[in-house]
Amino acid sequence: MKKCSLNNFTESLLPWLDDNYIRKVVLNDKSQVTFSFSDGISDTYEITDCDRKQIEKICRDLVERGIAVQGLE
């Protein structure tokens with residue numbers, strides 16, 4: 001699991017958004033975000049400087065881009 005700030009998290013997402021590289025995203029009950037990529041790799045992130053609502057907003061933005069997200073309320 002990677003721990004990071006919200007800013008680092010959003011910066012790390014940018015290269016993956018344009019290539020349909022993200023297969024699915026899971027937001028768990030601990031507000032950790034797991035990305036599954038088209039090449040079979042998975043990465044889990046714990047964003048340390050924000051609350052769940054901010055993380056859910058980012059996940060909703062991913063849904064608007066056509067990326068499947070599990071765990072949103």
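Cys4 counts as buried in this predicted model, at 12% relative accessibility, where buried means under 20% relative accessible area, exposed over 50% and partly exposed in between (1.4 Å probe, protein chains only). Its sulfur sits 8.7 Å from the closest cysteine sulfur, that of Cys50, which is too far for a bond. A disulfide is a covalent bond between the sulfur atoms of two cysteines. With the cut-off set at a pair of cysteine sulfur atoms within 2.5 Å, the count comes to 0 disulfides.

On to the aromatic rings. Rings of Phe, Tyr and Trp (its six-membered ring) pair if their centres lie within 6.5 Å; planes under 30 degrees apart count as stacked, over 60 as edge-to-face and the rest as tilted. That rule gives 8 aromatic pairs. One of them joins Phe35 and Phe37, which are stacked at 6.1 Å centre to centre, with 15 degrees between the planes. Both of these residues, Phe35 and Phe37, are buried. They also belong to one aromatic cluster, together with Phe9, Trp16, Tyr21 and Tyr45.

Residues are numbered from 1 along each chain as its sequence is written. Local features need pLDDT of at least 70 and side-chain atom pairs count only at pLDDT 80 or more, while totals for chains, interfaces and linings use all residues; side-chain values use heavy atoms, with hydrogens and water left out.
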